[in-house]
Amino acid sequence: MSKELNTGIPTDSEVILGILNNSESVLKRLYIAYFPMVLQLIVNNNGDGDDAKDVYQEAIIILYNKVKTGDFELSSKLKTYIYSICRRLWLKRLSQMNRYGGDIKDFQEYLTVDDETEKNNERDIQFNKMGEALKLLGEPCKTIIEDFYINNRSMKEICEEFGYTNADNAKTQKYKCLQRLKKLFFQQK
């Protein structure tokens, strides 16, 4: 593995295996990867950076203990799971400190973990379906779609790479590729 892969956001399975294997580097990467998300949550809800660090630390400990005891079953993205734990911990702490002067139930309609988890799960399913459809698409369509939408390459660059006579021809080909991709996407179960 290259250094670049070892310093980015760890995959969900890397985190679980890292915890099981007592990997300090995976835990460090996990801390760095999702802390900004937690910081934003806490700061936007009457907290500060120290509060965010405390809540994030507590959430990582909860995750760590669940994985270590074998009592962990991931039914969403790890990022969603961590966010949900942090939000619950923060709401609990807010209710204990009475910072917002209300009852935690007042926020349930706005901050339901189940709704967000369900939305994120659905989005993940859709992304996976799109990935599968893209794999089935074949060349040159797969590369054209990836170059334009993922790698942000211009139609002129794509035209030159694939030898189209002009950018309009490349656009036409991209459109045809998109139609095939849509068809493959909607044919999946």
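Author: Happy to. A residue is called partly exposed when its relative accessible area falls between buried, under 20%, and exposed, over 50%. Arg153 has a relative accessible area of 25%, so Arg153 is partly exposed. Please keep in mind that this is a predicted model.

Arg153 has a partner in Glu161: their side chains form a salt bridge, with N to O at 2.3 Å. Glu161 is partly exposed too, at a relative accessible area of 41%. Elsewhere, salt bridges with shared partners link Asp54, Glu58 and Arg93 into one network. The total for the model is 8 salt bridges.

Arg29 and Glu14 meet through their side chains in a salt bridge of 3.3 Å, N to O. Because Arg29 belongs to helix H3 (residues 24–43) and Glu14 to helix H2 (residues 12–20), this pair ties together parts that are 15 residues apart in sequence. Arg29 counts as buried, with 8% relative accessibility, whereas Glu14 is partly exposed at 21%.

Lys142 and Glu146 are both in helix H7 (residues 141–150), 4 residues apart, which is about one turn of the helix. The closest N and O atoms of their salt bridge are 3.2 Å apart. Lys142, at 23% relative accessibility, counts as partly exposed, and Glu146 is partly exposed as well, at 22%.

Key:
Residues are numbered from 1 along each chain as its sequence is written. This is a predicted model: local features need pLDDT of at least 70, side-chain atom pairs count only at pLDDT 80 or more; totals for chains, interfaces and linings use all residues. Side-chain values use heavy atoms; hydrogens and water are left out. A salt bridge is a side-chain nitrogen of Lys or Arg within 4 Å of a carboxyl oxygen of Asp or Glu. Helices (H or I, at least four residues) and strands (E, at least two) are DSSP runs, numbered from the N terminus. Buried means under 20% relative accessible area, exposed over 50%, partly exposed in between (1.4 Å probe, protein chains only).
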